[in-house]
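Hello,

Here is the structure for you to look through. My notes follow below it.

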Amino acid sequence: MRNDDGSYTGKRYESEKETKAIVKITKELKKQKKFAVVNYHAMGNIVFGSYYGNNKFVKNTTKQMYNIAIRTTGYSSAKGYQSTGIGNYREYLMHTEKIPSITIEVGSQSCPVPQSSYASIFNRNKYVLLREAKIFT
């Protein structure tokens, strides 16, 4: 689905080739243990972490992950952002697979993110995954 901002989220869950490939990996990992996913995309310096489903584990864990990412990176909250996100991986994970997930959009310039921004992005994000992992310990 082409969004007003020019982004494309796919026609439906798991409709795009790259999503199908990562969904296959996700299903293999899910057989092994409970986990969550942090998606990284470029651009926007914003964190997406809302979940409107009924699964309490997904809702609570996604909220925790979202808050950790906001505090750690200093990126903006996406609470007011309106998007259907029908075909995106994060929505698929939460609603179909019942796996908590957030998306962190890095970079403040156009895609691809310029190499001159890498150090700043790394410094803002280097502890995110470690702090997210503590949720499961």
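V106 touches Y40, H41, A42, M43, G44, N45, Y75, V113, I121 and N125, leaving aside residues up to four places away in sequence; a contact means heavy atoms within 4.5 Å. This is a predicted model, in which local features need pLDDT of at least 70 and side-chain atom pairs count only at pLDDT 80 or more, while totals for chains, interfaces and linings use all residues. Residues are numbered from 1 along each chain as its sequence is written, and side-chain values use heavy atoms, without hydrogens and water.

V106 also belongs to the largest nonpolar core, which has twelve residues, including V38, M65, Y75 and I104. Such a core is a set of buried Ala, Val, Leu, Ile, Met, Phe, Trp, Tyr and Cys residues joined through side-chain atoms within 4.5 Å. Buried means under 20% relative accessible area, with a 1.4 Å probe and protein chains only. Helix 2 (56–73) and strand 4 (101–106) each supply at least two residues of this core. Another core, of seven residues, lies apart from it, with F35, V37, Y89 and Y92 among them.

T26 sits in helix 1 (residues 17–32). Helices (H or I, at least four residues) and strands (E, at least two) are DSSP runs, numbered from the N terminus. T26 counts as buried because its relative accessibility is 2%. Beyond four places in sequence, T26 touches F35, Y89, L93 and I99. A polar atom of its side chain lies 2.8 Å from the backbone oxygen of I22.

Overall, the protein has five helices and four strands, and 39% of its 137 residues count as buried.

Regards

Note on methods. Buried < 20%, exposed > 50% of the residue type's maximum accessible area, 1.4 Å probe, protein only. Polar contact = N/O pair within 3.5 Å; in protein donor to acceptor, adjacent residues only side chain to side chain.
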